[in-house]
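This briefing is written to be read beside the sequence and the model. Please keep both open while going through the points.

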Amino acid sequence: MNHSLIAEAEALLQQSIRFYNGKPVGTVAATEKVLVEEQLNYNECFIRDFFPCGLAFLMQGKREIVRNFLEVTLGLQLDWESSISGEGLFAEVRQDLLSQDPQNGEWVRPGQGLMPASFLVINQQEIKADFGQRAIGRVTPVDSGLWWIFLLKIYEKACDQANVPEEKIAHRPEFQRGIQLLLDLCLAKRFDMTPTLLVPEGAFMIDRRMGVYGNPIEIQALFYIALKAGLELLNAEAIQALDIENRLHRLIKYIRHHYWLDPALLRRVYRYQTEEFGETALNKFNIYANTVPGWVLRWLDRKGGYLVGNVGVGWIDFRFFTQGNLLSIISSLTTQKQSQAILTLIEQQWSNLIGEMPLKICYPAVMGRDWEIITGCDPKNVPWSYHNGGNWPVLMWSLTAASIKMGQEAIANHAITIAEKYLADDEWPEYYDDEDGKIIGRQARLYQTWTISGYLVSQYLLKNPHHLNLIEFSSPSDD
């Protein structure tokens with residue numbers, strides 16, 4: 001364990017904290033010193049980015065900043081019908097927003113329950129939320145609320161472990177209402193027959209055009225986690241009203257069956273009969289064998305397997321999306337056998353997925369004419385860069401958690417040892433480029449806070465595997 005590197009990371013994480021009315025409420029995305037016009041939104045506090053930071057703080061025993069963050073972001077949640085009654089920073093933020101219009105007039109007002117992607121703290125006295133109206137591409141953050149409820153569930157567990165039940169907050173009326181609004185937004189009636197959550201392009205960690213529209217696996221894993229958290233945090237009446245258990249049961253079966261790919265299933269897909277009709281059809285989505293990419297046939301060993309990136313009518317996105325697969329292991333969305341197969345695949349494809357810096361966000365990269373059409377010729381998402389096959393050190397925390405859960409700590413130890421060679425000298429970049437992940441990303445911010453916290457959480461988990469109890473979920477039956 002590299003104690004000096006851990007100490008440096010802890011100091012950097014502390015420097016990233018932002019305050020509102022004298023209280024710590026979050027961490028900025030990056031602390032690199034750049035010109036104001038070059039800051040973009042990296043000086044804002046993102047719900048997505050704060051998640052590993054929140055984990056790090058809780059593992060350090062620092063609950064106050066996480067509680068404040070949860071209260072502030074709940075106060076920012078779109079909810080025009082409720083009163084401003086509440087406690088703590090929640091009430092302060094709701095009062096602060098009275099003078100603000102959360103939506104630009106040219107945009108359609110989204111449904112109640114939406115959480116912002118980020119918020120900006122102005123002079124420690126004012127908070128300005130971004131629901132996508134200021135973001136590049138104007139993308140709506142579907143994942144923010146899902147990360148928020150996951151962190152709330154972890155915070156409650158941390159209070160139980162520290163034996164401070166008086167610090168728990170999920171039972172407060174404003175939190176109960178916030179959870180219900182969030183899950184109701186996800187569970188709303190829709191033109192869809194599947195139990196998965198339909199989302200637009202660019203609505204999560206991959207927040208630019210990358211062909212992830214529809215039902216991407218990362219969102220499905222987070223949706224499953226949010227439903228599980230809802231069962232733990234909501235009262236029985238709300239659980240029944242939202243019909244959470246029914247949706248959760250159907251979602252588990254659907255993901256485990258329709259998203260799973262291993263060599264046996266690949267051979268079956270390769271021999272699919274098409275134009276099948278009726279409830280007994282084996283090829284339910286009418287997938288044509290010619291759509292199976294050649295790399296998949298060479299990639300899957302007989303012992304490996306993974307959840308594909310997306311499934312739709314006549315289409316499977318065969319790309320390996322790391323975050324969704326690792327979250328599925330941590331949350332027990334995948335069976336024990338499937339979870340082990342995913343880690344086996346990561347070991348078998350070490351050079352492709354880990355390389356010189358953990359860990360590829362997806363594999364393989366989209367290239368050529370496909371890159372032009374799918375990304376819209378996005379110069380930031382050129383092949384093997386950024387979201388298009390770039391390496392993101394933040395993913396170390398989820399790799400470590402998944403590895404420990406499956407009794408494969410050696411995988412995490414090896415990956416962290418690789419990362420420690422370069423992270424500090426490279427000034428903690430946001431992401432790395434190239435097929436091997438050996439070049440600092442061309443537009444990567446330095447001193448990226450979730451890179452720092454991802455490393456810290458990995459180290460804390462390895463030092464004290466008991467911390468995994470905060471994150472993981474009990475496993476449903478492996479049927």
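The points below cover sheets, a helix pair, a pocket, cavities and backbone details.

This is a predicted model: local features need pLDDT of at least 70, side-chain atom pairs count only at pLDDT 80 or more, and totals for chains, interfaces and linings use all residues. Residues are numbered from 1 along each chain as its sequence is written, and side-chain values use heavy atoms, with hydrogens and water left out. Helices (H or I, at least four residues) and strands (E, at least two) are DSSP runs, numbered from the N terminus. Strands count as paired if DSSP finds at least two bridges between them.

**Sheet β6 to β9**

- Four strands form an open sheet in the order β6-β7-β8-β9, and the pairing is antiparallel.
- Its edge strands, β6 (260–261) and β9 (362–363), each pair on one side only.
- β6 runs antiparallel to β7 (residues 306–312), to which two bridges join it.
- W260 has L307 in β7 as its bridge partner.
- Helix α9 (residues 244–259) lies across β6 and β7 and runs at about 100° to β7; axes here are lines fitted to C-alpha atoms, for helices over the stretch in contact, and angles run from 0 to 180 degrees between N-to-C directions.

**Sheet β3 to β5**

- An open sheet of three strands has the order β3-β4-β5, with antiparallel pairing.
- Its edge strands are β3 (45–46) and β5 (126–130), each pairing on one side only.
- Two bridges connect β3 with β4 (residues 118–122) in the antiparallel sense, and F46 has S118 in β4 as its bridge partner.
- Helix α3 (residues 64–76) lies across β3, β4 and β5, at about 105° to β4.

- β1 (residues 17–20) and β2 (residues 23–27) pair in the antiparallel sense over four bridges.
- The bridge partner of R18 is G26 in β2.
- Two residues lie between the strands of this hairpin, and N21 takes a positive phi near 55°.

**Helix pair α2 and α18**

- The axes of α2 (residues 47–59) and α18 (residues 449–463) come within 8 Å and cross at roughly 35°.
- The crossing of α2 and α18 is left-handed, meaning that the near helix is turned anticlockwise from the far one by less than a right angle.
- In contact (heavy atoms within 4.5 Å), α2 residues including R48, P52 and M59 meet α18 residues including W450, V457 and Y460.
- By class, the contact of α2 with α18 has 10 nonpolar, three polar and two charged residues; Ala, Val, Leu, Ile, Met, Phe, Trp, Tyr, Cys and Pro count as nonpolar, Asp, Glu, Lys and Arg as charged, and the others, Gly among them, as polar.

**Largest pocket**

- A pocket is an open set of points on a 1 Å grid over the protein atoms alone, with protein on both sides within 12 Å along at least five of seven lines, whereas a cavity is a set where a 1.4 Å probe fits but cannot get out; lining residues have an atom within 4 Å of a point.
- Grid points are joined across faces, edges and corners, and a volume is the space filled by probe spheres set on the points.
- The largest pocket has a volume of about 630 Å³.
- Of its 29 lining residues, H257, W260, L265, R268 and Y272 lie nearest its centre.
- α9, β6, α10 (263–270), β7 and α13 (336–348) each supply at least two residues of this lining, and α10 gives the largest share, six residues.
- The lining of the largest pocket divides into 15 nonpolar, six polar and eight charged residues.

**Cavities**

- There are three cavities of 30 Å³ or more in the structure.
- The largest cavity holds about 390 Å³ of space.
- Its lining has 26 residues, with N41, F46, R48, D207 and Y386 nearest the centre.
- That lining has 14 nonpolar, five polar and seven charged residues.
- The second largest cavity has a volume of about 50 Å³, and its lining includes R48, W147, Q323 and W450.
- α2 gives the most to the lining of the second largest cavity, with three residues.

**Backbone details**

- P358 and L359 are joined by a cis peptide bond with omega about 15°; L359 is in the loop between α14 (350–353) and β9.
- Y363 and P364 are also joined by a cis peptide bond, with omega about -5°, and P364 lies in the loop between β9 and α15 (368–375).
- W384, a residue other than glycine, has a positive phi near 65° and lies in the loop between α15 and α16 (396–405).
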